[in-house]
Amino acid sequence: MNGSKTINVISGTHWDREWRYTAEQSLLRLAILVDRLIDILEKDEAYACFHLDGGTVVIEDYLAVRPENEARLRKLMQQGRIFTVPWYTLPEMSTVSPEALIRNLLIGIQMGHQFGGLMKTGYTATSYGQISQLPQIYAGFGIDTAMSYRGTNKHQVPPISLWESPDGTQIYHIRCFDEVTRTNWFFFTHYELVLGKAPRDLRTEWKPEDWPVHMADSVLFETSFQLKNERFEFNADPAAQKKAIEHLARQAMPQAIGNHLLALDMEDNASPYHKLPELIKAINAAQSDYKVKQSSLDEFVEIAKSSVKKNELSALKGEMRYTAVEAGFNCLLGATHSSRVQLKLMNDESQVELINVAEPLSSMCGMLGGSYEHTLLNRAWLDLLKNHAHDSICGAAIDAAHLENPTRFRTVMSLSRECSRKAVEDMWTKLDTSSAFNDGDLTITLFNTLPFARNGVQPVIIDVPHITFGNFVIEQCTGAGPIIEGFDPDQMVTYDYFDIVDEQGNKIANKLIEREKTQIEVERLLDSNAAAYDIIRNRILMEVDIPAMGYRTYALRPRKRSYITNPTPGTDRKMIARSEGVLENEHLLVTINNNGTFEMLDKATGRAYTDMHYFCDNSSIGSAHQHKTSLRDYTITSLGTIAEITLQEDNALRATWQIDIKLRIPSGVQLDGTNRSEHKIEFPISTLLTLKKGARRLEIKTIVQNSARDHRLRVLFPTNINTDFAYASGPFDVIKRKIQWLVTGDNMESHHPFQPMQDFVTVSDDKVGLSFMSKGLGEYEVIDDSRRTLAITLLRTHRAYMLANRGAKTPEEFSRQQGQHCLGTFEFNYALYPHKENWSSANVIAEAQDFKIPYRIIQGVPKQGQLPATQSLLTINPSQHIHVSAFYRQTDGKGYILRLWNSSSQAVKANIKTSLPITSAQSVHLDETVIEPVMVKDGVLSLNIRPHKIETLCLEI
């Protein structure tokens with residue numbers, strides 16, 4: 001009779017579709033693995049079950065290779081023999097947008113239900129740190145247990161506990177292992193009894209009898225050895241079996257839950273061991289202290305929950321980013337947010353175009369009677385989420401794999417922009433602009449997808465027809481032409497002279513920046529697409545004021561020349577720039593220093609920020625997951641440089657200074673990692689500072705040309721704010737983090753000073769604050785110095801190690817690995833926003849969204865229609881605390897999903913006012929199942945949204 005303690009063996013594979021191989025190279029390997037799995041399960045009923053934890057995309061990938069096996073796979077999944085996680089791909093959660101997490105689960109669960117075998121457990125195997133709102137997200141899909149390991153350790157996180165989101169939602173949390181994360185059965189029992197090795201011994205002996213083969217041509221020589229004559233027998237000695245299970249039990253016992261021990265057998269890309277049932281039977285016969293059984297993950301989780309009293313469990317709150325203490329496989333690996341920055345920049349742009357522009361515009365269009373391009377938008381989502389797989393978005397795969405990521409991102413952007421174009425054109429056809437504007441006007445309609453009004457200086461590009469008036473020459477210097485009877489150029493109304501007017505006929509401040517002749521094709525059903533207009537392209541700045549989640553129409557109105565026959569002095573010209581390197585508007589005063597740094601005065605608070613925007617470069621030879629410097633490192637700064645300062649643009653609406661500096665940095669680090677190279681190269685950096693009329697933020701574009709390897713470049717901003725905390729935006733949360741370094745002694749991982757952010761990070765003492773807002777940059781550090789200097793990572797290179805050589809590269813191989821060194825030209829866009837008080841009272845979320853999310857703008861001509869020329873379709877009050885995460889149409893087409901979240905620590909009564917033709921509304925879970933109806937009265941929905949709550953509505957027309 002076996003003992004009272006049960007060891008639950010959980011079999012599976014952690015399938016990385018894009019890591020040591022490209023996604024396409026992985027297809028055949030996956031097919032072979034799942035073929036073998038299906039054969040094993042069909043032949044041996046004793047083999048209980050197997051888990052595919054790479055996401056439901058694994059099913060999609062397998063059937064792309066083996067469509068003929070769909071029925072066999074489906075049958076085993078429906079029988080509970082093959083399980084899949086609820087995710088479509090396993091993302092790194094701090095790096096992707098919050099809405100992308102919701103849609104990842106929504107798509108994954110829908111696909112999982114189609115096949116069966118969907119795990120009930122929230123198994124988040126590979127996020128590098130656990131986000132604060134994950135309990136609320138999981139609960140929204142009916143998942144009551146999360147299972148994770150990175151960002152946890154056994155000293156700070158119990159084996160089982162409650163985990164609470166900022167909104168108060170609680171779920172269970174079960175922690176995997178520090179020593180071997182999700183592979184203790186594999187690296188202990190399997191190693192000892194099947195491979196004859198010591199636990200965790202990663203060495204492999206060369207044995208000719210295994211028939212090791214390896215590709216030897218110049219194309220495939222970097223691939224792994226294959227053993228073509230493996231022996232699958234296990235050690236049949238009862239004494240060895242008893243000893244092995246004791247070793248496992250000793251490792252797993254500290255994390256026992258009740259009388260149950262967890263034995264995870266879910267190694268990377270692991271193939272099922274077909275003799276596992278026979279091995280388990282032998283072990284049970286060899287000893288009586290433990291009952292060993294093969295279980296499903298869900299089965300173990302249910303047993304674990306029933307073994308504890310919920311009210312006696314400790315409750316963890318918020319994010320988990322704890323670092324590793326002892327040596328083992330479980331580290332936070334918290335540097336992934338800055339690796340291969342080109343992927344992060346493309347991801348951010350793709351997410352904005354799809355989530356913040358294309359879907360809301362398509363929803364507005366669909367609710368107004370136009371089309372909603374489901375198929376194309378869904379296709380865009382699948383490509384985006386494939387790039388969100390942790391190894392992909394973290395830049396941790398081989399170069400060849402990452403060459404495919406930009407193609408997917410470009411697909412997302414192309415599809416999103418086409419869908420947004422189509423939506424805008426459809427809505428434009430319904431506008432009535434004839435009553436507000438004149439014949440000959442060119443209408444300019446700006447669409448705002450944010451739930452609050454936006455105003456400021458906006459560039460537009462307006463193409464006007466190039467109209468000629470006879471065969472004569474105009475003298476270029478004076479504008480004079482021939483005197484022709486009946487022809488007076490001064491009485492001509494032309495597009496050479498124009499005003500910008502609103503729907504009331506009021507003139508709008510504008511500035512013509514550029515004008516040039518060109519041609520543009522005309523798409524016409526009755527003619528060739530080669531037909532083209534001769535046009536004059538006008539690049540114009542205009543002051544706009546656009547209503548919340550709606551649109552406003554202005555017009556370019558051609559006019560006669562306007563002479564002033566008796567010029568007199570006007571008022572002082574309120575230009576933004578001054579020649580001594582100054583930018584100034586109503587709110588900010590920026591002064592550029594000789595070394596390229598600048599001083600910034602916030603007029604509202606009187607706070608002056610000095611020595612802003614200098615660069616630091618040091619060595620970096622770690623991995624995609626970890627920042628590591630050379631043995632002897634030093635930092636080069638831009639503080640001693642002499643900058644070349646150029647005024648690029650200056651008018652009453654906008655001004656831009658360009659600052660050019662050149663650093664001399666080492667070309668790399670020696671191959672052995674000891675010293676930075678003595679050979680230095682020129683590292684040019686161009687920065688453009690732009691300030692607009694009325695703006696409260698300074699917009700910055702930095703362009704670097706990187707030809708160096710093994711280094712990290714950061715830009716620094718001394719805040720001089722006396723605080724011990726920084727506040728960073730994360731998925732559905734703004735996280736408060738300590739600035740001081742943690743004392744970690746000789747721990748396996750030391751303090752992680754750099755942390756993830758999404759849209760912004762704020763340094764504030766609640767009296768004044770400075771917020772950095774980003775388009776795609778995801779890593780910050782507030783240096784624990786007297787000035788509380790904010791450091792933003794622009795790029796961090798690292799050394800590849802995911803090839804079969806495990807990082808032990810020959811010099812020739814080392815020289816060929818280029819992608820992880822981010823070589824080439826990079827453009828970074830970010831902004832500084834000084835303000836009173838803290839991020840909440842300063843409405844930093846809205847400011848960051850206004851900075852990041854573009855308008856869609858369409859030009860046309862006055863025409864009749866059913867919709868007013870200007871209107872707000874949806875307004876949320878208070879917009880300071882209630883934010884829109886998504887606005888899209890359900891896949892089944894029944895309704896439109898509007899997802900909100902409350903950033904406040906207080907409950908908020910929110911009013912949603914809409915002019916859209918909504919007939920009914922329901923509050924729904926994240927999985928879109930109905931909770932309760934929401935009353936719609938006179939176009940207004942009223943909601944009480946608790947602190948930090950994610951609120952999802954289904955609107956029907």
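## Cysteines

Cys 822 is buried, with a relative accessible area of 1%; buried means under 20% relative accessible area, exposed over 50% and partly exposed in between, using a 1.4 Å probe and protein chains only. This is a predicted model, in which local features need pLDDT of at least 70 and side-chain atom pairs count only at pLDDT 80 or more, while totals for chains, interfaces and linings use all residues. Residues are numbered from 1 along each chain as its sequence is written, and side-chain values use heavy atoms, with hydrogens and water left out.

If you are looking for disulfides (pairs of cysteine sulfur atoms within 2.5 Å), the structure holds zero. Cys 822 is in none, and the nearest cysteine sulfur, that of Cys 394, is 14 Å away. Cys 616 is buried too, at a relative accessible area of 15%. Its sulfur has its closest cysteine sulfur in Cys 822, but at 18 Å that is too far for a bond.

Now to a strand. Helices (H or I, at least four residues) and strands (E, at least two) are DSSP runs, numbered from the N terminus. Strand β37 covers residues 789-796, and eight of its eight residues are buried.

Two strands pair if DSSP finds at least two bridges between them. Strand β30 (residues 711-718) runs antiparallel to β37, and seven bridges join them; here Leu 713 has Leu 795 of β37 as its bridge partner. The hairpin of β36 and β37 has six residues between the strands, and in it Arg 788 takes a positive phi near 50 degrees.

## Helix α1

Helix α1 spans residues 23-43, 21 residues in total. From first C-alpha to last, α1 reaches 30 Å, close to the 30 Å expected at 1.5 Å a residue; the expected span is 1.5 Å times one less than the number of residues.

Among the buried residues of α1 are Leu 27, Leu 30, Val 34, Asp 35 and Ile 38. The buried residues of α1 pack against several elements, including β1 (5-13), α2 (57-65), α3 (70-78) and α14 (405-429), where contact means heavy atoms within 4.5 Å.

## Aromatic pairs

Rings of Phe, Tyr and Trp (its six-membered ring) pair if their centres lie within 6.5 Å; planes under 30 degrees apart count as stacked, over 60 as edge-to-face and the rest as tilted. A search of the whole structure finds 13 such pairs. In one of them, Trp 206 and Phe 225 have ring centres 5.6 Å apart and planes at 85 degrees, so the pair is edge-to-face. Trp 206 is exposed at 61% relative accessibility, whereas Phe 225 is partly exposed at 45%.

Phe 717 and Phe 772 have ring centres 5.9 Å apart and planes at 50 degrees, so this pair is tilted. Phe 717 lies in β30 and Phe 772 in β35 (residues 768-774), so the pair ties together parts that are 55 residues apart in sequence. Phe 717 is buried at 0% relative accessibility, and Phe 772 is buried at 0% as well. Elsewhere, ring pairs link Phe 186, Phe 187, Tyr 191 and Phe 329 into a cluster.

## Charges over rings

A charge sits over a ring if NZ of Lys or CZ of Arg is within 6 Å of the ring centre and within 35 degrees of the ring normal. Arg 454 lies over the face of Tyr 855, 4.2 Å from the ring centre. For Lys 775, the charged end sits over the ring of Phe 851, 4.7 Å from its centre.
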